[in-house]
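Student: I have a model to go through and would like to take it feature by feature. Please keep each answer to what the coordinates give.

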Amino acid sequence: MAKEFKGVVNLDVRDSTSDWDAFLSDKAPQGAPNVLVVLYDDTGMAAWSPYGGRINMPTMDRLAAGGLTYTQWHTTALCSPTRSTFLTGRNHHLNGFASISESSTGFPGYNSHIPPSNVTMAHLLRDAGWSTFWVGKNHNVPIDEWTAGASKKNWPLAQGYDRFYGFIGGETNNWYPSLAEDNRYIDQPYSPEEGYHLSKDLADQALKMIRDVKQTEPEKPWYLWFCPGANHAPHHAPQQYIDKYKGMFDDGYEAYREWVLARMIERGILPADTDLTPLNPMPDGTFSPTDEVRPWDELNDEEKRMFSRMAEVFAGFSEYTDAQVGRIVDYLEESGQLDNTLIIYCADNGASGEGSPNGSVNEGKIFGGYPDDEAQNLTMVDKLGSPDTYNHYPTGWAAAFSTPYKMFKRYTYQGGVCDPLVIHWPAGMKARGEVRHQYHHSTDIVPTILEACGVQLPDTYNGVEQTPLSGVSMTYSFDAPADGPTAKETQYYEMFGQRGLWHKGWKAVSVHGPVSGMGNFDKDEWELYHADVDRAEAHDLAAQHPDKLEELKALWMEEAKANNVLPLNDLQIIGNPKDFETFVSMEFHQPVPPSGQYVYYPGTSEVPERSAANVHGVSYKILAEVDLTPDSQGVIFAHGSRFGGHSLFISGGVVTYAYNFLGIPPEDRISAPVPASGRHIIGVEFTKEGMGPYREGVGPLRLFIDDEQVGEQKIRTVLGHFSLCGEGLCIGYDSADPVSSAYPEPRFEFRDGEIKKVVFDIADDAYIDVEKHMEAAMARD
């Protein structure tokens with residue numbers, strides 16, 4: 001806010017009085033705390049050691065021993081929506097984040113643009129005198145603003161953060177991430193061979209930001225939102241951390257559920273009479289078959305070995321990242337900041353079931369609707385977690401790490417929404433090593449931080465009337481009895497058409513799986529649970545208490561109307577053409593130029609896949625205008641990674657176009673001798689003549705130099721995207737994880753010649769199979 005100038009201005013400066021206070025920023029109150037929020041991905045409550053799980057989290061254990069472990073803290077069931085509540089303190093639909101940015105639709109609750117009426121906490125803290133930093137995952141930039149040339153008004157710096165370092169989108173390769181700094185995309189600083197891992201890099205950057213502040217403004221408090229790629233797929237970790245867990249999951253996920261429930265009860269996380277819910281708890285036809293769990297005793301020995309190793313990798317990934325958080329906590333202790341730093345350590349939704357019943361060594365196949373080859377997967381067991389894989393465990397481990405609850409991420413049962421949370425603040429709480437059972441939600445984090453910092457939400461911000469906070473502060477619970485009453489009364493849930501509502505100890509949930517395509521919401525069957533007594537939602541009381549159920553259903557509708565939840569969207573994107581057509585009509589469309597041609601130039605940053613020319617499931621032409629010399633070599637263009645992509649490059653006197661189909665060897669390559677020095681057009685043409693059994697494009701690929709065809713062979717092309725995010729289109733180089741194994745060096749930048757431009761032409765086929773293409777693109781969340 002502008003301050004009143006209280007000095008004196010006369011003709012002569014000698015007769016005037018300055019007033020610096022009118023122009024300087026506000027300072028935080030004396031003794032105000034620092035704030036560190038650590039937000040993991042995709043982690044069920046039963047995974048981590050503070051809750052009795054097998055995954056050792058020494059840093060989190062340390063913070064739990066000196067603080068509080070919450071047993072009834074909840075999220076929205078999905079990453080972007082939960083993260084939006086951490087940004088604003090409002091419910092996810094009020095933020096426009098009903099789902100992830102990539103699946104936005106043009107409705108108030110579903111457009112992924114946070115409205116100005118929901119000012120972010122970072123703005124408020126920065127205005128009040130805090131430095132504000134965001135490090136790691138950002139899944140809250142709208143899909144229409146991912147490109148270098150797009151508006152940056154929804155990037156972190158415009159959302160109140162002084163600095164940002166991390167990645168844009170739902171996931172990234174932890175060995176070869178797609179990175180952004182502040183308002184621009186950047187290259188990773190060094191390679192895995194030199195010791196790189198994303199978790200380590202993020203901790204390095206976080207420490208640098210904090211130290212920079214303390215070096216110049218030692219009394220200034222800071223707020224850091226630390227969002228590692230863990231535990232979202234791909235699960236990547238140093239080998240020594242993976243090996244720590246060798247054999248620890250060989251008993252299987254059903255045995256783990258029995259084992260960990262007893263440990264959770266012993267630690268006081270759950271009541272003694274908590275029952276274990278079924279492994280596959282929902283009736284057939286009410287949920288997606290890809291969310292089923294295969295019973296452990298039906299697996300063969302090789303499958304058990306692979307599934308166990310996938311859990312070992314996940315565990316190593318989690319503990320390694322916790323060790324990086326530990327470096328930050330160690331620094332805070334060494335520098336005398338730990339006691340007065342409010343640390344909130346948690347996860348954004350339940351364990352992920354996106355690995356399907358069999359898991360995968362390359363989850364791009366799952367996203368692309370292409371089946372995994374189990375025989376090939378088995379050959380990769382010893383490489384799981386390395387740069388050679390892009391792995392995700394099977395649904396069985398998602399169920400195990402969500403013990404004792406039903407289902408997992410995306411579901412509004414407890415398995416999707418009940419998550420770990422530890423709070424540590426020695427200067428602000430007397431309790432040490434205690435458990436808290438008060439019912440809370442991710443919308444309560446912002447009110448908690450604001451109250452701890454002594455900052456209030458204004459009625460208006462930048463002239464815009466503000467929506468009240470959806471949550472309540474949790475600070476009352478810091479020194480309250482473990483079983484004391486909660487300050488929260490009501491919390492609604494909705495994700496991809498499944499609904500739920502908790503109110504004063506009771507919870508209603510619709511038997512309507514997310515993205516199920518069931519529709520007919522007015523005919524939904526609902527279940528009723530006395531959540532204060534039955535934490536696992538194991539005993540449906542709908543028949544015994546029909547009036548209570550109707551009360552909660554009516555209250556859900558009131559909350560839905562107040563929070564922009566409608567219209568409900570459970571569209572079954574895969575396998576239901578009518579639902580898919582409905583979705584396509586609503587989603588954001590990157591405009592195709594009238595010519596059908598996209599022109600790209602060297603010396604530019606990579607173009608995100610969703611904004612680049614679409615070559616998936618369609619015919620296409622690519623024309624590169626280049627000036628060549630006898631020594632010319634390098635990548636002309638590349639898009640994707642070793643797990644799927646295509647590239648045009650010159651090496652060893654040969655020009656080659658390589659198409660890497662979902663990382664399945666061998667690569668399709670077509671080559672010809674490099675032409676004589678001078679200006680040339682090197683062209684590629686793929687003509688889709690049909691489709692394979694999984695709707696992959698099939699047809700001839702032709703290589704041209706100028707107007708002469710110099711090669712031809714039949715290939716297949718990917719229907720879905722090369723990646724969920726990152727791994728964009730690069731001109732004159734490849735991103736760090738190479739598309740083709742034929743490169744002589746990483747990146748393989750073009751040299752000793754000049755790329756004038758590269759033109760992608762899809763004019764003859766801009767809309768062929770666009771429905772199936774988008775269907776594959778939506779096969780994820």
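Cavities, helix contact, strands and backbone

Student: How many nonpolar, polar and charged residues line the second largest cavity?

Tutor: This is a predicted model, in which local features need pLDDT of at least 70 and side-chain atom pairs count only at pLDDT 80 or more, while totals for chains, interfaces and linings use all residues. Residues are numbered from 1 along each chain as its sequence is written, and side-chain values use heavy atoms, with hydrogens and water left out. Ala, Val, Leu, Ile, Met, Phe, Trp, Tyr, Cys and Pro count as nonpolar, Asp, Glu, Lys and Arg as charged, and the others, Gly among them, as polar. On that basis the lining holds 5 nonpolar, 4 polar and 3 charged residues.

Student: Which lining residues lie nearest the centre of the second largest cavity?

Tutor: A cavity here is a set of points on a 1 Å grid over the protein atoms alone where a 1.4 Å probe fits but cannot get out, and lining residues have an atom within 4 Å of a point. The volume of this one is about 90 Å³, taken as the space filled by probe spheres set on the points, which are joined across faces, edges and corners. Its lining comprises 12 residues, and those nearest the centre are Asn362, Tyr390, Phe643, Phe722 and Ser723.

Student: What is the volume of the largest cavity?

Tutor: The search of the whole structure returns 6 cavities of 30 Å³ or more. The largest has 15 lining residues, with Trp146, Ile168, Ser178, Cys725 and Gly726 nearest its centre. By class, that lining splits into 7 nonpolar, 4 polar and 4 charged residues. The volume is about 150 Å³.

Student: Which residues of H7 make the contact with H1?

Tutor: Contact means heavy atoms within 4.5 Å. H1 contributes Pro58, Thr59, Met60, Arg62 and Leu63, and H7 contributes Glu319, Asp322, Val325, Gly326, Val329, Asp330 and Glu333.

Student: Which strands are at the edges of the open sheet of 4 strands?

Tutor: Two strands pair if DSSP finds at least two bridges between them. The order is S14-S15-S16-S17, with antiparallel pairing. Pairing on one side only marks the edge strands, S14 (490–495) and S17 (526–529).

Student: Which residue of S16 is the bridge partner of tryptophan 502?

Tutor: S15 (residues 498–503) and S16 (residues 506–510) are joined in the antiparallel sense by 4 bridges. Within S16, tryptophan 502 has as its partner lysine 507.

Student: What is the phi of aspartate 706 in the hairpin turn?

Tutor: S25 (residues 697–705) and S26 (residues 708–717) pair in the antiparallel sense over 9 bridges. They form a hairpin with 2 residues between them, and in its turn aspartate 706 has a positive phi of about 55 degrees.

Student: Which residue is joined to threonine 403 by a cis peptide bond?

Tutor: The residue in question is in the loop between H10 (395–401) and H11 (414–417). With omega about 0 degrees, the cis bond joins threonine 403 to proline 404.

How values were computed:
1 Å grid on protein atoms, 1.4 Å probe; cavity = no way out; pocket = protein on both sides within 12 Å on 5 of 7 lines; lining within 4 Å.
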